[in-house]
Amino acid sequence: MRKTTTLITAAILGGSMAMSSAQAEEMRIALVVKALGIGFFEAAAKGAEEAAAELGDVEIIYTGPTDTTAEGQIEVINSLIAQKVDAIAISANDQDALVPALKKAMDRGITVISWDSGVAPEGRMMHLNPSSNSLIGNMIVKMAADHLPDGGDVAVLSASATATNQNIWIDEMNKVIGDYPGINVVATVYGDDLSDKSYREAQGLMSSHPDLKAIISPTSVGIVAAAQAVTDEGKAGEILVTGLGLPSEMAAHVDSGASKSFAIWNPIDLGYAATMISYNLAKGEATASADGEIGMGRLGAVTLDDSMDGAMSDPFVYDSSNINDFKDIF
Amino acid sequence: MRHTVSRDLLLAFILLALVGLVSLRFPEFASVKSLSSVFNDTSILIILALGQMAVILTRCIDLSMASNLALVGMCTAMLNASVPGIPIPLLIVLAMVLGALLGSINGLLVWKLDIPPIVVTLGTLTIFRGVIFLISDGQWVNAHEMNPAFKALPRFDILGLPILSWAAIISIACSYILLNRTPLGRSLYAVGGNPNAAVYTGIDVGRSRFNAFVLSGVLSGLAGYLWVSRYAVAYVDIAAGFELDVVAACVIGGISIAGGMGSVAGAVLGALFLGVIKNALPVVNISPFWQQAISGCAIIAAVIFNARSERRPGRIILKQAENV
């Protein structure tokens with residue numbers, strides 16, 4: 001029994017030695033996505049390739065199932081383990097179902113991180129969030145303030161009154177509102193993520209607050225409805241619509257001038273950062289530990305919290321200068 | 001008939017009182033501009049309520065209207081995005097035809113298989129939503145993919161009102177003529193009022209119900225185009241839950257769930273009642289939780305009122321012989 005254990009240990013040691021000699025030539029990092037053929041993830045792969053080009057000795061394996069299932073991802077992970085890749089960076093379809101397969105990968109010496117959509121802490125070394133609640137809260141009011149040099153009344157159009165994410169972001173926004181003198185939040189209304197209700201609430205804001213300068217909507221249904229309501233009222237450009245939205249959904253409203261800028265994560269940066277982190281962890285240049293920092297190339301460094309989560313950066317701001325590059329991506 | 005007229009007048013009076021009450025708090029609400037915008041905003045609900053009314057008259061109910069709207073809306077949006085050359089009037093006709101087809105599925109199941117309409121339309125409600133997901137793959141059709149004419153049509157002003165409002169007005173006129181002046185419309189009342197008697201007068205109950213479902217489908221299809229062009233976006237969840245507003249509008253408007261009773265004016269007033277509440281609540285600035293509670297109370301109050309007014313006194317069939 002002891003003999004076999006030793007044998008296996010030897011085999012593993014041998015294997016990892018062989019691997020490290022292969023590493024010297026080229027490190028193989030697998031970028032595993034929820035499903036192939038989704039614009040958002042194709043863009044992330046573009047970012048990963050950018051990181052690989054910068055690093056020089058990295059090969060990116062962009063892969064994922066054909067539909068967004070945990071079973072499909074488990075198959076992909078198993079085949080990556082068999083291929084003996086050096087690192088797996090995954091956006092998970094299921095927080096828990098992937099844990100055993102990823103544990104197996106880590107047991108074989110593969111660096112495992114999750115990004116975008118996380119895996120439970122025991123199934124990965126760290127998780128990269130695109131942004132953090134406080135960064136989002138700050139960004140949504142900053143975008144309004146940037147276009148309102150003299151300050152003015154702004155209102156928030158949220159999803160439902162009980163939506164957890166939106167409430168946290170609005171709280172975070174209110175915490176930093178003092179940094180933007182002259183900006184008054186006059187109302188917070190709820191569109192329930194329904195187009196018609198959001199549209200009506202936006203109309204209501206315009207009629208009950210004649211001096212309104214901006215509507216901040218941290219939800220993708222709300223921001224589109226608000227932009228349409230402002231346009232229909234003939235106030236595009238007068239009342240600014242900003243918040244969180246997707247470039248494809250907002251492209252027409254940026255064209256019409258109803259929205260000057262809005263934010264959401266940049267998938268290219270996300271793929272880039274995930275690759276850089278995987279590289280640094282696999283190389284041993286950084287370790288995933290609480291309060292530890294891991295380099296992300298041009299994006300600086302990510303700091304981890306107690307559950308090994310880190311936030312990449314401020315949400316990325318989209319405006320007329322870059323929307324056309326992104327509107328077909330996601 | 002006299003009975004419903006007085007009811008409609010009462011509802012109109014309540015509606016005016018409601019507008020007055022809101023304008024106490026927010027004076028601008030009663031301006032012509034604001035009221036016409038309320039009507040415009042309620043147009044889609046009015047169109048759907050007219051279709052629902054036709055179905056309810058025959059003692060049926062159509063819970064699939066909002067899903068029908070969403071499916072047709074998604075189809076027209078996708079069609080417009082991929083073949084921008086199709087003229088918009090043709091697209092609207094296609095939307096109504098598709099809506100009619102979807103409505104006829106409900107109608108056939110109710111007519112030929114005799115399944116209770118609430119079960120049939122509860123089924124198609126989810127089926128239609130599922131189909132939207134299948135054809136769209138969960139993706140949105142966004143404003144920049146629709147061509148300008150597609151989005152501009154419902155906003156185009158004629159005589160001071162946008163076409164969206166005119167669509168509602170034309171639907172009201174057509175429904176009025178259809179329900180009051182044609183054999184088809186009268187048969188809907190007959191079927192709901194007393195199905196047995198309707199059979200004896202030579203009316204096919206099943207076929208009449210089928211017609212009502214097709215009519216509600218046509219109007220849902222029309223509303224589907226109007227919805228996606230008004231909000232300039234189409235996705236799986238558009239108008240989710242809207243079928244309940246439609247039924248509520250009919251109930252408030254005095255359309256009897258027991259069938260056979262109700263007027264076009266009632267359905268329109270019921271829809272406007274909800275529309276005024278929906279548009280007033282954002283400007284009077286009260287908590288969103290109160291908003292839901294207030295809408296709910298209005299519905300219950302209307303139903304209580306309906307139930308009371310519908311309770312007919314017992315009929316004396318045989319009078320006691322009087323002293324001869």
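This is a predicted model: local features need pLDDT of at least 70, side-chain atom pairs count only at pLDDT 80 or more; totals for chains, interfaces and linings use all residues.
Q: What makes strand E10 and strand E14 of chain A a pair?
A: Two strands pair if at least two bridges are found between them. Four bridges join E10(A), residues 261-264, to E14(A), and the two run antiparallel. E10(A) and E14(A) therefore count as paired.

Q: Why is A:Ile74 called partly exposed?
A: A residue is buried with 20 or more other C-beta atoms within 10 Å of its own, and exposed with 12 or fewer. A:Ile74 has 19 within 10 Å, so A:Ile74 is partly exposed.

Q: Where does A:Ile74 lie, and with which residues is A:Ile74 in contact, leaving aside neighbours within four places in sequence?
A: A:Ile74 belongs to helix H3 of chain A, residues 70-82. Its contacts, with those neighbours set aside, are A:Leu98 and A:Ala101. The C-beta atoms of each contacting pair therefore lie within 7 Å.

Q: What is the order of the six strands in the open sheet of chain A?
A: The order is E2-E1-E3-E4-E5-E13, with parallel pairing. The edge strands are E2 (58-63) and E13 (309-311), each pairing on one side only. Neighbouring strands of this sheet are turned by 20 degrees against each other on average, direction ignored.

Q: How do you know that E5(A) pairs with E4(A) and with E13(A)?
A: At least two bridges are needed for a pair. E4(A) and E5(A) share three bridges in the parallel sense, and three bridges also join E5(A) to E13(A), again parallel. Both cases therefore meet the cut-off.

Q: Which residues stand opposite A:Leu128 of E5(A)?
A: A:Trp115 stands opposite A:Leu128, and A:Leu128 stands opposite A:Gly310 in E13(A). From E5(A), residues 126-129, A:Met126 and A:Leu128 point one way and A:His127 and A:Asn129 the other way, and all are buried.

Q: What joins E3(A) to E4(A)?
A: Four bridges join E3(A), residues 87-90, to E4(A), residues 111-115, and the strands run parallel. The bridge partner of A:Ala89 in E4(A) is A:Ile113.

How values were computed: Residues are numbered from 1 along each chain as its sequence is written. Chains are lettered from A and ligands numbered from 1 in the order in which they are written. Axes are lines fitted to C-alpha atoms, for helices over the stretch in contact, and angles run from 0 to 180 degrees between N-to-C directions. Two residues are in contact if their C-beta atoms, placed from the backbone, lie within 7 Å.
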